[in-house]
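Colleague: Could we go through this model together? I would like to begin with the backbone and then turn to the ligand.

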Amino acid sequence: MKPFSMTRRDFVRLGTGSVAAGIATKVAILEPTFLRAAPAPASDTVRFGIIGTGTQGCDLLRATRSVPGIECVAAADLYDSRHESAKAILQKNIDTTREYRRLLDRKDIDAVIVAAPDHWHRRLVVEASQAGKDVYCEKPMSHTTEDGFAMVDAVQKNNRICQIGSQRVSSILYAKAKEIWDSGRLGEVDTIEAVWDRNTDSGAWVYPIPPDANEKTIDWDTWLGDTPKRPFDGRRFVSWRCYKDYGAGLPGDLFVHLISGIHYVTGINAPPMRAYSTGGIYHYKDGREFGDLQWTIYDYPKFQVVLRCNQNNKYEDQLFAFYGKKGTLFIRGEGAPAALGAGASLAFRPEPPFHAQEDYSVGSWPATQRAEYVAEWKREHPRPGPGKAEVESEEEVYAAPSGYSDLVDHLANFFQAVRTRKPVVENETFGNNAALTGCHMSNYSYFNKTVAVWNASSKSITSA
Ligand SMILES: NC(=O)c1ccc[n+]([C@@H]2O[C@H](COP(=O)([O-])OP(=O)(O)OC[C@H]3O[C@@H](n4cnc5c(N)ncnc54)[C@H](O)[C@@H]3O)[C@@H](O)[C@H]2O)c1
């Protein structure tokens with residue numbers, strides 16, 4: 001079963017209309033993959049545990065409920081309340097513990113989901129691989145460059161299936177974007193832009209601290225892991241993304257998603273040659289160590305990638321734009337045509353065919369020469385006859401159906417691979433390259449105020 005096989009309806013014409021001279025629009029709703037609906041015999045049930053049932057762990061557990069043929073049997077979290085949250089989502093009593101090793105030691109568990117903060121990813125993935133478990137590990141895969149390579153090593157030496165959790169790469173919209181990219185319809189692409197902006201305290205990681213969060217309910221010492229010891233700090237516990245010891249700021253939270261989407265669509269699976277990053281803390285001067293605005297420009301061999309994430313203005317929510325000589329491809333987080341609802345959408349817009357009459361430089365020609373040029377041009381480009389529209393090409397808009405979840409598809413892809421041993425869509429090498437690019441090159445440049453250069457032979461980032 002190919003992970004990306006999917007049936008797709010022909011265009012659903014919810015309306016065609018001229019959106020600009022010469023361009024008509026056709027609109028389609030994509031059909032979800034069949035993976036999530038594929039029945040599996042009871043003997044094939046994959047039993048899994050989850051390590052970290054905080055915000056994302058709970059979302060993952062909710063999504064697993066739509067994946068057939070799997071069963072969550074245990075959850076580990078250092079915060080006791082999160083055991084209750086896991087049970088409530090699953091609506092059953094499972095084995096819950098503060099000790100993740102208990103899950104790894106259980107022989108009846110095939111796979112684990114790792115949804116602890118970034119500074120725990122390396123240890124959990126390495127130990128899970130050594131314990132013979134397949135692993136779904138949240139993005140960003142690694143907290144440091146060295147962590148990433150150690151994780152790749154452990155997964156591969158132990159022949160494990162590993163999926164990294166940038167769920168976009170399993171989205172039906174991104175599969176469509178890849179199909180358009182691979183078809184060559186964009187022509188040469190020299191620029192790719194991606195933006196993910198927010199403008200709320202929650203979007204800037206200022207989360208409320210749960211009233212019962214304290215050293216009695218949380219194993220704080222273990223939570224700190226190998227980072228410097230410090231007294232219990234509820235702010236660090238919930239807003240760990242703000243601090244270098246545990247997270248990677250906007251690059252770790254959002255750039256890595258954007259880069260994963262771009263690598264997937266373009267088929268790139270390597271860091272770029274160079275990155276230059278800048279930004280700052282403009283609003284959230286609350287002791288955080290990462291900017292609330294960050295830009296990075298990357299040099300890839302064939303194009304430039306420009307990323308921006310902002311926590312102080314949300315004019316554009318999420319936008320990818322691939323600018324080609326023959327067409328432009330947009331993916332929007334919000335903003336599907338009204339008829340399709342407000343979900344994510346993709347649009348392919350052909351560029352004008354560049355055979356418009358030149359009317360700029362000929363302004364300096366003598367009138368007779370100019371008139372001859374215009375007459376000749378009109379002879380070569382006759383207007384369509386009466387009743388014929390001047391449609392040169394069609395814009396295509398695609399949207400996912402209401403309620404579609406790429407997270408469910410991403411998990412389904414992982415569990416299918418656990419069962420079949422066939423490759424996942426976002427393995428440890430892909431995840432490592434996305435983290436190197438999205439987080440580590442970007443933050444190296446940001447903090448050192450220099451151009452970051454990727455050295456493949458030494459697997460390291462240095463200054464230009
Ligand atoms: N794919 C996505 O869209 C997405 C979205 C949000 C977060 N994430 C990622 O998911 C991970 C978790 O983020 P979050 O927002 O859920 O954080 P969170 O702080 O809400 O939850 C993390 C949980 O992990 C637990 N934990 C920490 N160390 C542990 C250990 N050693 N053993 C057991 N439990 C441990 C904590 O007690 C906490 O409950 C991060 O890597 C983050 O980048 C991914």
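This is a predicted model: local features need pLDDT of at least 70, side-chain atom pairs count only at pLDDT 80 or more; totals for chains, interfaces and linings use all residues.

Colleague: Is the peptide bond from Lys139 to Pro140 cis or trans?

Modeller: That peptide bond is cis, and its omega is near -15°.

Colleague: What does Lys139 contribute to the ligand through a backbone N or O atom?

Modeller: A backbone N or O atom of Lys139 is placed 2.9 Å from an oxygen atom of the ligand.

Colleague: Which residues come nearest to the ligand?

Modeller: There are 26 residues around the ligand, and those that come nearest are Gln56, Asp77, Arg82, Asp118 and Arg241. For Arg241, a polar side-chain atom lies 2.8 Å from an oxygen atom of the ligand. In the side chain of Thr55, an N or O atom is 2.8 Å from an oxygen atom of the ligand.

Colleague: How much of the ligand's accessible area does the protein cover?

Modeller: On its own the ligand has 850 Å² of accessible area, and the protein covers 94% of that.

Colleague: And what is the shell around the ligand like by class?

Modeller: The shell has 12 nonpolar residues, eight polar ones and six charged ones.

Colleague: Back to the backbone. Where is Gln91 found, and what is its phi?

Modeller: Gln91 sits in the loop between α2 (81-90) and β5 (95-97). Although Gln91 is not a glycine, its phi is positive, at about 55°.

Colleague: Now the helices. How do α9 and α12 pack?

Modeller: Helix α9 (residues 249-266) packs with helix α12 (residues 428-448) at an angle of about 130°, and their axes are 8 Å apart. The two helices are therefore oblique to each other.

Colleague: Is the crossing left-handed or right-handed?

Modeller: α9 passes α12 in a right-handed crossing.

Conventions. Residues are numbered from 1 along each chain as its sequence is written. Side-chain values use heavy atoms; hydrogens and water are left out. A residue is near a molecule or strand if one of its heavy atoms lies within 4 Å of it. A polar contact is a pair of N or O atoms within 3.5 Å; within protein, one must be able to donate a hydrogen and the other to accept it, and residues adjacent in sequence count only if both atoms are side-chain atoms. Accessible areas come from the Shrake-Rupley method with a 1.4 Å probe; for residues, only the protein chains shown count as cover. Ala, Val, Leu, Ile, Met, Phe, Trp, Tyr, Cys and Pro count as nonpolar, Asp, Glu, Lys and Arg as charged, and the others, Gly among them, as polar. Axes are lines fitted to C-alpha atoms, for helices over the stretch in contact, and angles run from 0 to 180 degrees between N-to-C directions. Helices (H or I, at least four residues) and strands (E, at least two) are DSSP runs, numbered from the N terminus. Angles under 35 degrees count as roughly parallel, over 145 as roughly antiparallel, 65 to 115 as roughly perpendicular and the rest as oblique. A crossing is left-handed if the near helix is turned anticlockwise from the far one by less than a right angle, and right-handed if clockwise.
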